[in-house]
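Please open the model in your viewer and keep the selection tool at hand.

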Amino acid sequence: PAAAGMTISVIIPTLNEAGELAETIRRARLVPEVCEIIVADGGSSDATREIATQMGAKVIQSERGRGRQLRTGAATATGDVILLLHADTWLPPETGQAIQNCLRDQTIVGGGCWKIFRDGSPLLRGSRFKCALRLFLARRVMADQAIFVRRDILEAVGGVPDLPLMEEFELCRRLRRVGRLALADATVITSARRFAKLGVTRTYARMWRVILQYYLGTPPAELRRIYEKE
């Protein structure tokens with residue numbers, strides 16, 4: 001489809017996100033191009049599903065695992081563009097227009113947004129610079145950057161990879177084979193809660209360890225065990 005008039009399906013994977021979800025959905029609904037919000041729940045035991053329904057989102061059940069949940073949600077989506085959104089990441093109202101502007105270039109198949117943390121320590125500053133550096137050097141975007149992709153392209157590359165972790169690495173790898181990735185001119189605001197839990201330095205060290213292990217061929221289930229270790 002032509003970029004002008006594109007519709008966007010937002011897919012949010014959840015597992016016990018009652019504390020974060022309402023505001024995330026509220027902000028996503030303020031993006032005029034968003035035609036549907038699909039919450040793919042991995043078996044929440046709190047009020048996540050009820051909150052999503054009250055906020056007007058479509059709720060579907062999925063086996064637990066971020067890649068699988070995103071894959072399940074995206075498979076039911078009807079928008080021209082699929083936007084993969086973390087339950088604690090807020091979209092600004094101009095997100096849709098920024099994505100449309102990006103996708104006017106037919107060589108661009110998807111990408112992500114710029115990102116800042118809303119409650120982070122000084123050590124988390126510079127996240128916008130890292131977004132640019134990551135795309136320039138590694139040609140990928142992170143899962144909490146509101147990854148977007150043309151729906152027909154996503155279907156052509158086999159959908160969101162069914163992985164418990166690092167699904168965005170694999171997705172970006174597949175997308176690079178068929179086109180370019182870009183940064184849309186919108187800045188999402190994400191939570192620093194994972195950093196608050198372990199501390200900034202330890203969290204980054206763990207992330208880099210997981211990334212290194214991924215490139216060395218460690219199975220995704222083992223990567224998730226390392227990443228989620230208390």
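Begin by selecting threonine 48, which is buried, with a relative accessible area of 0% (buried means under 20% relative accessible area, with a 1.4 Å probe and protein chains only). The model is a predicted one, in which local features need pLDDT of at least 70 and side-chain atom pairs count only at pLDDT 80 or more, while totals for chains, interfaces and linings use all residues. Residues are numbered from 1 along each chain as its sequence is written, and side-chain values use heavy atoms, with hydrogens and water left out.

Threonine 48 belongs to helix H2, residues 48-54 (helices are DSSP runs of H or I with at least four residues, and strands are runs of E with at least two, numbered from the N terminus). Leaving aside neighbours within four places in sequence, threonine 48 is in contact with Thr14, Asn16, Glu17, Ala18, Leu21 and Asp41, where contact means heavy atoms within 4.5 Å.

Next, select helix H3, residues 66-75, and colour its buried residues, Gly67, Gln69, Leu70, Gly73 and Ala74. They cover an arc of only 165 degrees around the axis, which puts them on the same side of H3; the arc is that of the directions from the helix axis to the C-beta atoms. Among the elements that cover these buried residues are strand S1 (8-14), strand S2 (34-41) and helix H7 (167-176).

Key
Buried < 20%, exposed > 50% of the residue type's maximum accessible area, 1.4 Å probe, protein only.
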